[in-house]
2 protein chains.
Amino acid sequence: MDRGEIMNNPKIIIIGGGFGGLWAAKALKNKAVDVTLIDRKNHHTFQPLLYQVATAVLSPGEIASPIRRILHSAKNIEVILGEASAFDKEGQFVILADGSKIKYDYLIAAAGARHSYFGHDDWETLAPGLKTIEDALEMRRRVLLAFELAEREAYLTGSHKPLNFVVVGGGPTGVELAGAIAGIARQALSKDFKAIDTTEARVMLFEGSDRVLGTFAEDLSAKAKTQLEDLGVEVHLNSFVTEIESGRVKVGENWIECDVVLWATGVAASPIGKALGVETDKAGRVFVQPDLTIPGYKNIFVIGDMASIKQENGEPVPGLSPAAMQMGNLTSANILRDLKNEPRKNFRYIDKGTMATIGRSKAIADIKGWHFSGFIAWLMWLFLHVVFLIGFRNRLYVLLEWFWAYLSRERSARLITGNAEELRHALHFLEADHSETAAKTVKEKQSSKAKA
Amino acid sequence: MDRGEIMNNPKIIIIGGGFGGLWAAKALKNKAVDVTLIDRKNHHTFQPLLYQVATAVLSPGEIASPIRRILHSAKNIEVILGEASAFDKEGQFVILADGSKIKYDYLIAAAGARHSYFGHDDWETLAPGLKTIEDALEMRRRVLLAFELAEREAYLTGSHKPLNFVVVGGGPTGVELAGAIAGIARQALSKDFKAIDTTEARVMLFEGSDRVLGTFAEDLSAKAKTQLEDLGVEVHLNSFVTEIESGRVKVGENWIECDVVLWATGVAASPIGKALGVETDKAGRVFVQPDLTIPGYKNIFVIGDMASIKQENGEPVPGLSPAAMQMGNLTSANILRDLKNEPRKNFRYIDKGTMATIGRSKAIADIKGWHFSGFIAWLMWLFLHVVFLIGFRNRLYVLLEWFWAYLSRERSARLITGNAEELRHALHFLEADHSETAAKTVKEKQSSKAKA
């Protein structure tokens, strides 16, 4: 391949290094195209395991890998850190947030989605969602800090406010978070706290519809609910959270006090969809053609959680990683077909099965109509998530972590880091009775406990 | 043991869960005393390996463990998150930042030290130091981001500013950081970047005195300097950094452009020393009695990096973890001696040897006068650091990480996280020529590279 040839290679820009963008890039590896992948982060995040970072089972480095490392053997792929903010569709330029313009022949928009607060963006600081490593660390910080502050309050005053966790949304993320927090409270932390009884912590899951995991069959939803309740989660169906304030949420007419609120509902596709100047649904997903292009531009593809497209059965293609990977693969294959003057193929989602995990030895799975639940579904879930995790090293470490957590019932990543100022604030303005007498009282209580 | 007995147990408060505080606590485990350990963090940090977190070898969870987990089998020890801010030495109370008062019979102050900027506190944001997990993550973020921004600039414009790293201070931390960054640039990252040549990055170490690792013998200092230079570090002795601004430092009369400045010099003991109202040295270390108490108060001990005390040979006891552990042990033993009406023992520092690591297969060690350097010293260093790391799990993981890094020459924890706003800022306001022509230019350059 001489330089002239390389110079004539079509330039492909991929925006986003999630499942869609990364699989599109892998399918173009060392082909006669010139690829640039742009992402705001330097790492690909294995989102299906983010909740395990949020609940102190795994460390960030175990589920995230530098994108340029993953693609380093692809000589035709450059990875740059950047934020696409606008597009010149006629001139075929991506315009970055700093004003740089990059020319493309093909554009693949795969910037994913975040959670939406249904118009209450002010809830974000009160009830963080879970899409990035930073989100997961913020959740972990809040969950672990709630236990620490309760212990501190009990030590200093002899009693503490009820330790309540609220999870909003009964989809896979909400179910995973609720189950994992219940697991932490009942098992992992119980022996380490002396002034409080962590097993008394309440985990409340609020779901607006009449069942959890509503995309699954009804029998599996029912099993998931039972398994959650076995773990000690209070599952509230047909329950909408209508207000969130610091320290409490409103459900229907009732205010419920809580230390931590975690947001696990709502989808808002990346604003890049709107920046492309095409029609989107309410969640900001772009209505794409059967070949995943936008109307009028055969060289602009929108894939993954940013795309809105129906399956043959009329159901929307779900916002799951297998769908995004399949879209990435198909898009790159279609670009390579263009170059060989072959006709493109339309996207057809292949549902190889879906599964959701609930907790230790608890999960549900639907594999082409076969329903599984409990231990066997959990083993299948473990196996598949390790297989799809990127990189030998990450697989090994996650396996070890799980093995360790399973045997010891401990959590290994229990660090409260970051937000030093907020932590300071929490420590400086504790609402409590700070007398030495109170401290003595709790000592007495502890002594009785020790005696008993 | 009935309740009355427990109630009469002396109350011991330990401030700080570093090496000093933690070893003091361990020595009191399940003795007839009632211990409270107060720390601002929920975790003990294995500081000797912090530089490996800063340079993407290890993840935070591998060198830090929750303090309450470490001490969970000690029924007489309570751990609380808190910040001691004042003391009532006559009434025997610790006063926390939120106003809470906790009564003590014995107080052990072991709050450690941070780095000092010699009166230039404004340098802290420009040149972060390395004492906490958060510090290490901030260093990692800056180091990795510098490479990413250079790659981005080269991709967009065809060239980039020189990639310069400055380390201020030639003590153990400075030497470790400089060696590790050189290792990253020359090995771990070189294959992953396409528009820049990471091996051209310069790592400059500035040390004010006439040798690095000045607490070691002269021959070992000289060997350390040679080993650093073998790794590609530019070692500048008798060189004081007199000014730091964004993007440059002043050394003598010269300004040196640099992307990242890391601070590895100066010691400032915790302000808790001054809050005790006793005499301190310039660095804020408390002048302690031979039994590590403060003058006039036989029930108040100051240990670890907060204490200033001389060895029998007239040299100060060094601010190293073995000294802190020995002080913690002695203090708790002396408290237990008090309870048995036995005389206290004075502190005597036992120097079992000191070592410093420089990079892959490179280190120096001085074991009771025997000098080692190179591979053998490096193996000794590895062995000792794994042995002293807390917890079986952490030991296993660190061993695996090192084995992996040694074989693959990769770094596994290469995530840029946190400070989303700053990252955004970096991406929005890149000082570069953003024309498409420039982008084309670099494509041509890359093509030539690919051809070659």
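## A first look at chains A and B

With 17 C-beta neighbours inside 10 Å, Arg211(A) counts as partly exposed, a label for residues between buried (20 or more other C-beta atoms within 10 Å of their own) and exposed (12 or fewer), with C-beta atoms placed from the backbone. This is a predicted model, in which local features need pLDDT of at least 70, side-chain atom pairs count only at pLDDT 80 or more, and totals for chains, interfaces and linings use all residues. Residues are numbered from 1 along each chain as its sequence is written, while chains are lettered from A and ligands numbered from 1 in the order in which they are written.

**Around Arg211(A)**
- Arg211(A) sits in the loop between strand 12 (202-206) and helix 8 (218-230) of chain A; helices (H or I, at least four residues) and strands (E, at least two) are DSSP runs, numbered from the N terminus.
- Leu237(A) is 26 residues from Arg211(A) in sequence, yet their C-alpha atoms are 6.1 Å apart in space.

**Helix 8 of chain B**
- Helix 8 (residues 218-230) of chain B has 13 residues and reaches 18 Å from its first C-alpha to its last, close to the expected 18 Å (1.5 Å times one less than its number of residues).
- Its buried residues include Leu220(B), Ala224(B) and Leu228(B).
- After helix 8 of chain B comes Gly232(B), with a positive phi near 100°.
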